[in-house]
Amino acid sequence: MTKELEIEFKNMLTKEEYMRLLKDFSAFHNGPKTQHNHYFDTPDFQLKNKLGALRIRNKQGRFECTLKIPAPVGHYEITDKLTREQARRMLELKTFEAPEVSLALQELDIPLTQLESIGTLTTHRAEFDYLDGLLVIDHSEYNGHEDFELEFEVADAENGQKRFLDFLQQQDIPQRPADKKIARFMNSASVRSVDK
């Protein structure tokens, strides 16, 4: 189990900006790696209402369960590593085998028995250390949508924000607000259910 403070800055990209950044920084990464985030909540979205998110991530055959909850700055991430079999049983809603995440959910009064799958978001991610942080170039696909995004994960919010804004300016990329992936995913799922 790990509990980490996540401080990140985000900006939406056009497909052209995404392709340019991948190419211009190709010496820093080995190309996008694909990961799948399987999201969970209760039927009445208790986690979403508490500004939290729960996922199982499959990244090149490695599995982990992560709960994100708000922190004074950024988010806390509580993560348990999983075996492939543990992940399979959890995805099938047979068991919940992430002990530290389970404890944190109980502290939030989220009943494990009410958790259900709300869908999968697939991300093709290139990431590398840059400007004293982690620069992440993402292409995400979910619910018939796709989008492109730049993230900058840092340890220091003030310096990180300045570096990120300077980087956007140097790259001639306009500032565009970016919700968290889970929020974009949930909004697309809501739109999809209304369209039916």
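Is Y142 buried or exposed? Y142 counts as buried at 7% relative accessibility, where buried means under 20% relative accessible area, exposed over 50% and partly exposed in between (1.4 Å probe, protein chains only). The model is predicted, so local features need pLDDT of at least 70 and side-chain atom pairs count only at pLDDT 80 or more, while totals for chains, interfaces and linings use all residues. Residues are numbered from 1 along each chain as its sequence is written, and side-chain values use heavy atoms, with hydrogens and water left out.

**Aromatic pairs**

- Rings of Phe, Tyr and Trp (its six-membered ring) pair if their centres lie within 6.5 Å; planes under 30 degrees apart count as stacked, over 60 as edge-to-face and the rest as tilted.
- The count by this rule is 13 aromatic pairs.
- The pair of F25 and Y130 is edge-to-face, because the ring centres are 5.4 Å apart and the planes stand at 80 degrees.
- F25 counts as buried at 7% relative accessibility, whereas Y130 is partly exposed at 22%.
- Y142 and F185 form a tilted pair, with 6.4 Å centre to centre and 55 degrees between the planes.
- F185 counts as buried, at 0% relative accessibility.

**Aromatic cluster**

- One aromatic cluster is formed by F25, F28, F128, Y130 and F167.

**Charge over a ring**

- The charged end of K48 sits over the ring of F45, 5.8 Å from its centre.
- A charge sits over a ring if NZ of Lys or CZ of Arg is within 6 Å of the ring centre and within 35 degrees of the ring normal.
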